[in-house]
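Welcome! Take a moment to look over the model below, and then we will walk through part of it together.

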Amino acid sequence: MFVSFQEVNLSRYDVIIAGSGPAGAVTAKTLAARGKTVLVLESGVREIEPTIQDSFSVVHGLGHFDSGYWPTHWVRALGGTSAVWAGWVAPLSARNFAS
């Protein structure tokens, strides 16, 4: 169910999770199965919206990823980045272990 944040009584929930991506969704499902009342907050929209995604083109990448990475890999929508992963996960490389 989608509701405005202003409509939510936060005291009704045992746990509040920020983000509906894979980690948030699995955590919410696991806690609910254990009898907890869970609220998942998502700042994105129901489906990927190009005008929102275009705003990530101004993000300046640091480290392993340059600025061109983020517009296609950072999603502000229900399900988070899992909407663009399509089940693909990059294998770790030597640079991931460099200090």
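How many bridges join S1 to S2, and do these strands run parallel or antiparallel? There are 4 bridges between S1 and S2, and the two strands run parallel. Two strands count as paired if DSSP finds at least two bridges between them. Helices (H or I, at least four residues) and strands (E, at least two) are DSSP runs, numbered from the N terminus.

Before going further, note that this is a predicted model, where local features need pLDDT of at least 70, side-chain atom pairs count only at pLDDT 80 or more, and totals for chains, interfaces and linings use all residues. Residues are numbered from 1 along each chain as its sequence is written, and side-chain values use heavy atoms, leaving out hydrogens and water. The pLDDT is the predictor's confidence in each residue, from 0 to 100. For the protein chain the average is 80, and 76% of the residues score at least 70.

**From strand to helix to strand**

Together, S1, helix H1 (residues 22-33) and S2 form a right-handed β-α-β unit. Right-handed means that, with the strands pointing away from the viewer, the path from the first strand over the helix to the second runs clockwise. Across the strand pair, Ile-17 stands opposite Val-40 in S2. After H1 comes Gly-35, with a positive phi near 90°.

Ser-20 sits in the loop between S1 and H1, while Glu-42 belongs to the loop between strand S2 (38-41) and helix H2 (50-54). Ser-20 is buried because its relative accessibility is 13%, whereas Glu-42 is partly exposed at 25%. Here buried means under 20% relative accessible area, exposed over 50%, and partly exposed in between (1.4 Å probe, protein chains only).

| From | To | Distance |
|---|---|---|
| Ser-20 side chain | Glu-42 side chain | 2.6 Å |
| Ser-20 side chain | Gly-79 backbone nitrogen | 2.8 Å |

Not counting residues up to four places away in sequence, Glu-42 also touches Gly-19, Ala-77 and Leu-78, among others; touching means heavy atoms within 4.5 Å.

Methods: Polar contact = N/O pair within 3.5 Å; in protein donor to acceptor, adjacent residues only side chain to side chain.
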